[in-house]
Structure formats: C-alpha cells, structure tokens
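Subject: Handing over a structure, with notes

Dear colleague,

I am passing this structure on to you, together with some notes for a first reading. Please look through it before going on to the comments.

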Amino acid sequence: MRVRVLGSAAGGGCPQWNCACPVCRTGRPRLQDTVAVSAGGTSWWLINASPDIRAQILGFDALRPGPGARDTPVSGVLLTTAELDHTLGLLSLREAVRLTVFATPAVTEALDWPRRALSRYTDLDWRVLADDFEHDGLRIQRLTVGTKSPRYASTGDVSALRLTETRTGNSFVHATCLPAWTQAFDDFIRGADVVLLDGTFATENELTGTTGRPGTATSMGHLPIAESRRFLAGYPGTRFWFGHVNNTNPADAPDIAVDGLDVLRN
Ligand code: MLT
Ligand code: MN
Ligand code: ZN
C-alpha cells in the first residue's frame, strides 16, 4: 500500500495568493490538503480534490497518464468534507473519461451544482461513501467526526477515513479535520499503521493571535496540535503525522507532513 501526501496545507495553501504574513513570505510552500492512496500501485484514489489538483497530479510520477492516450491511474476521489479546499479540484477533473466519487449524503447535497456540472463532462459514477465497504483492493471505513457545513451550504459533515489494504492488512487513517478526540475516534484509529491528523493550528488561539480574526481552533472544527499530542503516547504502534497545515501555523515540528511525503510505502 502506498500513501502519498500531495498537499499538506489547509485552505489557501502556502503562500496564500493575497497573504504577506511571515509564514507565507518565508515558510515552506505547501499545496492544499489532498492525499493519494493505492493498493497495488496501478489504480490510485485521491482523498479530496484540492484547487491545486492539476499540479498535484502532474507532480507525482505514479499518476502520469498512459499507456493509452486517455488512460490515467487516477480512478476517483473520496471526499471527507464538502469544503472548497477539498472539492474545488473536482471540476478540474472533468476531462476524465470516467470518474468515481465517493461522498456522504450530506456532502453530496452540498455539492449538488458541481456534481451536476461534472456529470455533463465525464462519465461520473457518484457513489455513497458508506461506513464500511471494500473497493479496489481497499477496505474503506468511515467515521463522522464533525457536522460542520461549509459556509456556502446548509448541509455537510466531516469524515475520518480508514483505508486498509485487503492483501496486507496495512492501514492508514485520514483525519485532517478533527474537532475532538473522542472514544469513537480512539476505537477507529486503534491498530492503524499511520494516521494523518489535523495540523491546521498549533495552538487553540493561534488564529486570533496571528491575524486578529475571531475564533478558536476547536470552534472552527480543528483540534490544535498541542491538544492532539497529549493522546499520541497511547498508540505505540502507530506513526502520526499532521496535515492540512494553516498558514498561521509556523509548523516547525518533524512530524508535520510536507508535500511529496510517502507516509506509507511497502
Ligand atoms: C476548514 O478547514 O475549516 C475550511 O476549509 C475553512 C475554509 O477554507 O473556509
Ligand atoms: Mn480546510
Ligand atoms: Zn499567510
């Protein structure tokens, strides 16, 4: 199973196009939160489709098109939220001959217009992201970790995903939008090889301290790294990384994911 971080930033990326903050001026460049996963290496699934998707696909050799003129190893997208940083890239995949998208009913409802638009361009197979199913060599499990709707919609929810390669049992959890560390989340990640956690904010009051804008990390649905860290010692067999890093986060720890990182490869 191979899991590659194609983008490690929260919405806006780093640098954000209109931001002259110290992190955007001098920090590490990051594309927006998207991960590529493959069981077997021939067919790949994207977890989310960021606005940077074209550059992310072109920047990863395993996703090069071929051997046929319109063949691509990109089989489809698993959506964890309907947020724009996770979904704007869907429309940029419209040249696909066929595309499969998995989304919850609430995310599907929020994305009604882009879903209908996309279906006019490609053979779109839009499916329900169920709680536990097998697909393309992967067991896919889903846990609702939040109920936040994007600002543009009146519905939406937030999922953590656990992908297990059925052949090897290797498993990866994606939880880059995690409002709280609950018992259900503990059960969900137990025994996973790798977990990509919410690295949006380092601390609870970072946004206000850096930009003057109101809102704590948890009120925005993002448990800060300082809080998550307290739990990690309880999972000795699991490797943790932090993704979806906001441009207010100075992100200087070695377990902050970077673009192009293989968090699982065997
Ligand atoms: C989030 O992660 O909370 C959202 O993507 C915020 C946003 O970009 O509007
Ligand atoms: Mn986001
Ligand atoms: Zn900035």
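Predicted model: local features only at pLDDT ≥ 70, side-chain atom pairs only at ≥ 80, totals over all residues.

Residues are numbered from 1 along each chain as its sequence is written, chains are lettered from A and ligands numbered from 1 in the order in which they are written, and side-chain values use heavy atoms, with hydrogens and water left out.

The secondary structure of the chain comes to eight helices and 13 strands, where helices (H or I, at least four residues) and strands (E, at least two) are DSSP runs numbered from the N terminus. The radius of gyration, taken over C-alpha atoms, is 17 Å, close to the 18 Å that the globule rule (2.2 Å times the number of residues to the power 0.38) gives for 266 residues, so the chain is as compact as a globular protein of that length. Along its principal axes the C-alpha trace spans about 50 × 40 × 35 Å. Of the 266 residues, 55% are buried, a word that stands for under 20% relative accessible area, with exposed meaning over 50% and partly exposed lying in between (1.4 Å probe, protein chains only). Among contacts (heavy atoms within 4.5 Å) with a separation of 6 or more, 64% are between residues 24 or more positions apart.

Asp 85 belongs to helix α3 (residues 84-87) and His 244 to the loop between β12 (239-243) and β13 (262-265), so the pair ties together parts that are 159 residues apart in sequence. Both Asp 85 and His 244 are buried. The zinc ion (ligand 3) is coordinated at 2.2 Å by Cys 19 (SG), Cys 21 (SG) and Cys 24 (SG), and its donors follow the spacing C-x1-C-x2-C along the chain. Donors here are N, O and S atoms within 2.8 Å of the metal (3.2 Å for Na, K and Ca), and because water is not among the atoms, sites may look incomplete.

Asp 33 sits in the loop between α1 (22-26) and β2 (34-38) and, at 1% relative accessibility, counts as buried. Asp 33 and Val 245 are 212 residues apart in sequence, yet their C-alpha atoms are 8.3 Å apart in space.

Some backbone details also deserve a look, given that most residues other than glycine have a negative phi, and most peptide bonds are trans. The peptide bond joining Cys 14 and Pro 15 is cis, with omega about 0°, and so is the one from Gly 66 to Pro 67, with omega near 0°. Asn 48, which is not a glycine, has a positive phi of about 75°; Asn 48 is found in the loop between β3 (44-47) and α2 and is buried at 0% relative accessibility. Asp 136 likewise has a positive phi, near 55°, but Asp 136 is partly exposed, with a relative accessible area of 37%.
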